[in-house]
Amino acid sequence: MTTDVNLRELVLEVLLAVTRDHAYSHLVIREMLEKYQYLSKQERSFLKRVCEGTLEQMIWIDYVINQFSSVKVNKIKPIIRCILRSSVYELQFMDAIPASATCNEAVKLAQKRGFRNLKGFVNGVLRGISRNLDEISLPDRVQEPVRYLSVKYSMPEWILQLWQTYPLEQVEEILQAFLMEAPTAVRVNPLKTTKEELRQELMAEHIKVREDEEIPGALYLEGYDFLRKIPSFREGKFYVQDTSSMQVAICAEPKPGDYILDVCAAPGGKSIHLAELLWEAENREAKNEKAEKQDFVHSSACGMVEARDLTAQKVSLIQENIDRCGLSNICAVQADARILDEEKVGKADIVIADLPCSGLGVLGRKADIKYRVTFEECCKLRDLQRQILHTVQQYVKPQGILLYSTCTINPLENEENVSWFLREHADFHLELQRQIWPGKGKNDGFFLAKMRKG
């Protein structure tokens, strides 16, 4: 490390913000990386990896610490606890760093933060772990399958109980997928470039680019340092969006002239994707009409996407992304999805209800969710989802589409909500229901249900 900045102290600040102050990990890490843009790519990579990895592996890490510490993890002072956790992550998962260096730096950091009296404790725990890492055994897979999976993959037991209707092998595949490093999925903006042009531009910037085999316009990026440093991102030539989330707009199948209402749209990815598909559909129609009628000036079908969300801050974020992408067939509006907008009743060809959820499908990218959410909160979210669905279904035209989606893996919020909705609203029928499982190194977990009115 070549800088005067103490990277392990930055890691400590991130871990304290998330575990003690209940901040969101992806926001804290992003803010830290933006603040320290001048760090080298190697240093920034170290910072990001240790922060994310420690949070991702925290249950396993605590299991290890408890075997070598005279004080259980939940009784250790927060600063010392975070130092131990990140150090154990280094010991287990970062072979390039000597164990002696990890232990020494942890002791120095404990002293620097005012815990000189605990330096012996920190040193003793970490030295004991470093000497015995290979001998640490997991709970018995046969006798205690839930505890075994919980420790091995750092997943709270209550979530595993929630998934007990799935085969054990499938659950383990989900857990493995969450722990795999995934590339950044992006969607090409057809208004500004083509997939091939963008691919060539990114490769010229020494970014690794791979195409998705199934989704047109989807690419996977690896090997870049900082997203906002990429010129093509700043120019709106692509939008960062998980490929599972892209399925919403694809399944909605917008047609020329459609009015589309996205009721919980921030940060705007699905709305923008729909606007792009709508633009492409209308362009195709315009070309066809022009071929048939030489004096054609403009397509008669001009659709619109209305992207709504609850707060001014979220609407501002949607608008920022709309402006960057250069779209004119989409608007951002502040509105509460729980409250009926009488003017919109029966007006929408497509209503997108991508609703607040527990987020259990995105644990590979936002590991702290699994420590933050509870079963009781899942039940409250289910009730909120039903309240919103009951309200927004009124905006759908006869023969129109209601597309319900979440980024979670939870029957309470997914399949059970769809069954409830169809019982309550007999004028809708189910056209498609799909639980997308996390793909190893590829996509998040996601759920969607396409329901047609009439």
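Two strands are taken as paired if DSSP finds at least two bridges between them. On that basis, this predicted model contains an open sheet of four strands, ordered 2-3-1-4, with antiparallel pairing. Strand 2 (208-211) and strand 4 (238-240) are its edge strands, each pairing on one side only. Neighbouring strands of this sheet are turned against each other by 35 degrees on average, with direction ignored. Helix 11 (residues 195-204) packs on the sheet and touches strand 1, strand 2, strand 3 and strand 4. The direction of helix 11 makes about 155 degrees with that of strand 2.

**Pairing around strand 3**

Strand 1 (residues 184-188) and strand 3 (residues 218-222) run antiparallel and are joined by four bridges. Within this pairing, Val186 stands opposite Leu219, and Arg187 has Ala218 as its bridge partner. Strand 2 also pairs with strand 3 in the antiparallel sense, over four bridges, and here the bridge partner of Glu211 is Leu219. The hairpin of strand 2 and strand 3 has six residues between the strands, and in it Gly217 takes a positive phi near 85 degrees. Four of the five residues of strand 3 are buried, so strand 3 is largely enclosed by the rest of the structure.

Thr243 belongs to helix 13. Because its relative accessibility is 4%, Thr243 counts as buried; the cut-off for that class is under 20%. Leaving aside residues up to four places away in sequence, Thr243 touches Ala185, Asp212, Ile215, Ala218, Tyr220, Lys442 and Asn443.

Strand 5 (residues 259-262) and strand 6 (residues 304-309) run parallel and are joined by four bridges; Leu261 stands opposite Glu306 of strand 6.

| Helix 11 (residues 195-204) | Strand 2 | about 155 degrees |

**Helix packing**

Helix 2 (residues 25-35) and helix 3 (residues 41-56) pack at an angle of about 165 degrees, their axes being 11 Å apart. Angles over 145 degrees count as roughly antiparallel, and helix 2 and helix 3 are therefore roughly antiparallel to each other. Their crossing is right-handed. Helix 2 contributes Ser25, Ile29, Met32 and Leu33 to the contact, while helix 3 contributes Arg44, Leu47, Lys48, Cys51, Glu52 and Leu55. These residues divide into six nonpolar, one polar and three charged.

In helix 4 (residues 58-68), the buried residues are Met58, Trp60, Ile61, Asp62, Tyr63, Val64 and Ile65. Their cover includes helix 1 (7-19), helix 3, helix 5 (78-93), helix 7 (119-132), helix 8 (145-153) and helix 16 (369-372).

Definitions and conventions. Residues numbered from 1 in each chain as written. Predicted model: local features only at pLDDT ≥ 70, side-chain atom pairs only at ≥ 80, totals over all residues. Heavy atoms only, no water. Helix = DSSP H or I, 4+ residues; strand = E, 2+ residues; numbered from the N terminus. Axes fitted to C-alpha atoms, helices over the stretch in contact; angles between N-to-C directions. Contact = heavy atoms within 4.5 Å. Parallel < 35°, antiparallel > 145°, perpendicular 65-115°, else oblique. Left-handed = near helix turned anticlockwise from the far one by under 90°. Nonpolar A, V, L, I, M, F, W, Y, C, P; charged D, E, K, R; others polar. Buried < 20%, exposed > 50% of the residue type's maximum accessible area, 1.4 Å probe, protein only.
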